[in-house]
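Keep the model open beside the text.

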Amino acid sequence: MGQQEFGKAVLEGFIARGDTIAGVFCVPDKPGTKPDALRADAQALGLQVFTFASLRSPEAVEAMRSLDADLGIMAYVLQFAPQEFVNIPRFGTIQFHPSLLPKHRGPSSISWPIALGAKETGVTIFRPTDGLDEGPVVLQKSCDIGPDETLGEVYFNKLFPLGVAALQEAADMVIQGRHVEHLQDEAQATYEGWMHDDECQIHWAAPVDHVYDLIRACNPAPGAWTQLAGVKVRVYDARKHRVGKFVPGGHRPGDIVGATEQSIAVWSQGGIIEIFKLRPDGGGKMSAGEFAKQRGLVASEGWRVLVRS
């Protein structure tokens, strides 16, 4: 059960090691969108594919029952799967979540640890219950978050392959009866919702670390945003510079301190964010230096003498 490239990778991983796939559940494609990668792959492989608008429906429950499956695998599933559905396979169902539960329950669990400045994240394989991401844990794997790593780098380079391997390991543990389920510690639990536009707005008056972490957490999508030279832009590649002394001249957070051939530098609290890549509202991604030229920003690198080495 799943969708998109992660669901496809999980499917192909189980097939590659010789497992038999009883059936595949995918979300229906939305009008005007490209076919889901998992569904397209499963159909090309000649597998039995189901696309129910809801897994709560009697038809979905009956479809699962008809498969006579040993184990259910939930790989990136946004649909609610009731107990009546997930308990049908002989050994139940296991689910993937890209955080170290009970921290960061919710739909944007890769972004939030980065935005909050965490140095570690990971994946959890757990038993799905009627509470969102609240079921007992079967297996966890952790990885570091580098100080400059973006959402895309953490996901594709670390959590994606870690998650595929963890689902296979957990499946073997459950089938062989070697797993021990641990209840999540509710005292340590956190929940964050989707990282939408309100959450992605840059507040330059925040500490420079917070601003930089937010930019990393939203790169490559949805992109942290701000008003720059009178235009709403989404910020992607950037660098953080600390300024550890008083600078006279009335500089305020959000003020542009200078521009170069490649970048635009903006004041925050305690430092400067140097922006290298951005996307103006209604346009495509571009070099911040090119944007500066288009907007007539004065080229200046004098601010670099303020930066703490």
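**Rings, cores and a cavity**

The charged end of Lys285 sits over the ring of Tyr236, 4.1 Å from the ring centre. Lys232 places its charged end over the ring of Trp225, at 4.4 Å from the centre. A charge counts as over a ring if NZ of Lys or CZ of Arg is within 6 Å of the ring centre and within 35 degrees of the ring normal.

The model is predicted: local features need pLDDT of at least 70, side-chain atom pairs count only at pLDDT 80 or more, and totals for chains, interfaces and linings use all residues. Residues are numbered from 1 along each chain as its sequence is written, and side-chain values use heavy atoms, with hydrogens and water left out.

Now the rings. Rings of Phe, Tyr and Trp (its six-membered ring) pair if their centres lie within 6.5 Å; planes under 30 degrees apart count as stacked, over 60 as edge-to-face and the rest as tilted. The count by this rule is 9 aromatic pairs. Phe50 and Phe52 are stacked, because their ring centres are 6.0 Å apart and their planes stand at 10°. Both Phe50 and Phe52 are buried, where buried means under 20% relative accessible area, exposed over 50% and partly exposed in between (1.4 Å probe, protein chains only). Elsewhere, ring pairs join Phe6, Phe96, Tyr155, Phe156 and Phe160 into a cluster.

What does Ala63 touch? Leaving aside neighbours within four places in sequence, Ala63 is in contact (heavy atoms within 4.5 Å) with Phe25, Phe50 and Phe52. Ala63 is buried, at a relative accessible area of 7%.

Next, the cores. A nonpolar core is a set of buried Ala, Val, Leu, Ile, Met, Phe, Trp, Tyr and Cys residues joined through side-chain atoms within 4.5 Å. The largest holds 58 residues; Phe6, Ile94, Leu167, Ile273 and Ile275 touch the most other members. Helix α6 (residues 151-175) gives this core its largest share, 12 residues. Helices are DSSP runs (H or I, at least four residues), and strands are too (E, at least two), numbered from the N terminus. Another core, of 14 residues, lies apart from the largest one and includes Met1, Phe25, Leu55 and Met74.

Where is the largest cavity lined? Its lining includes Met1, Phe25, Leu55 and Tyr76. A cavity is a set of points on a 1 Å grid over the protein atoms alone where a 1.4 Å probe fits but cannot get out; lining residues have an atom within 4 Å of a point.

Notes:
1 Å grid on protein atoms, 1.4 Å probe; cavity = no way out; pocket = protein on both sides within 12 Å on 5 of 7 lines; lining within 4 Å.
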